Amino acid sequence: MAAVTTFEIHASDPAACIAFYEATFGWTFIEHSFGDTSYWEIQSGEAEPRGAMGRMIRRHGNPPAEGAPVMGAVITVDLDDMDSAFAAALAHGGVEAMAKFAIPGIGWVAYVKDPDGNVLGLFQSDGGAA
């Protein structure tokens with residue numbers, strides 16, 4: 001089976017996006033530079049398996065225009081407490097893209113946009129505190 005092993009978040013203002021993800025999910029970022037280029041390794045979990053590895057890279061071009069369709073893939077984060085993460089996202093520069101809704105027998109889903117306009121999914125299974 002072909003498993004997802006890595007993801008990228010493109011950011012026009014990496015510092016603002018890093019602050020958003022640190023405050024919303026507790027992720028940590030490690031900067032790596034080579035030549036004139038930098039990227040930030042994303043550590044999104046402490047225990048193995050910690051999921052797909054990620055990186056943030058400087059966006060080449062403009063961020064998505066408001067109201068434009070999603071271009072690319074949406075990263076969805078599995079959470080124990082979606083309501084707290086949703087509130088944290090809004091408090092730290094994110095905006096609601098789609099309000100929380102139920103998928104019967106599965107769980108809850110909501111979508112936010114980070115400070116650069118990237119859409120991010122939030123998921124909580126029915127087994128958690130919805």
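Analyst: Burial first: buried means under 20% relative accessible area, exposed means over 50%, and partly exposed lies in between (1.4 Å probe, protein chains only). Met98 has a relative accessible area of 42%, so Met98 is partly exposed. This is a predicted model: local features need pLDDT of at least 70, side-chain atom pairs count only at pLDDT 80 or more, and totals for chains, interfaces and linings use all residues. Residues are numbered from 1 along each chain as its sequence is written, and side-chain values use heavy atoms, without hydrogens or water.

Met98 sits in strand β6 (residues 95-103). Strands are DSSP runs of E, at least two residues, numbered from the N terminus. Together with Phe101, Ile103 and Ile106, Met98 makes a nonpolar surface patch of about 320 Å². Such a patch joins nonpolar side chains within 5 Å, taken from residues with over 30% relative accessible area and no salt bridge. The areas are Shrake-Rupley values with a 1.4 Å probe.

Now the charged pairs. A salt bridge is a side-chain nitrogen of Lys or Arg within 4 Å of a carboxyl oxygen of Asp or Glu. The structure holds 4 of them.

Glu8 pairs with Arg55, with the closest N and O atoms 3.4 Å apart. Glu8 is in strand β1 and Arg55 in strand β4 (residues 53-58), so this pair links distant parts of the chain, 47 residues apart. Glu8 is partly exposed at 39% relative accessible area. Arg55 is also partly exposed, at 27%.

Asp116 pairs with Arg59 at 2.7 Å between the closest N and O atoms. Asp116 lies in the loop between β7 (107-113) and β8, and Arg59 in the loop between β4 and β5, so the pair ties together parts 57 residues apart in sequence. Both Asp116 and Arg59 are buried.

Glu66 pairs with Lys113, the closest N and O atoms being 3.2 Å apart. Glu66 is in the loop between β4 and β5 and Lys113 in strand β7, so parts 47 residues apart in sequence are tied together.

Gln124 lies in strand β8 (residues 119-125). Gln124 is buried, at 0% relative accessibility. A polar atom of its side chain lies 2.7 Å from the backbone nitrogen of Met82.

Notes. Patches are made of residues with over 30% relative accessible area and no salt bridge: like charges are joined within 9 Å, nonpolar side chains (Val, Leu, Ile, Met, Phe, Trp, Tyr) within 5 Å. Helices (H or I, at least four residues) and strands (E, at least two) are DSSP runs, numbered from the N terminus. A polar contact is a pair of N or O atoms within 3.5 Å; within protein, one must be able to donate a hydrogen and the other to accept it, and residues adjacent in sequence count only if both atoms are side-chain atoms.
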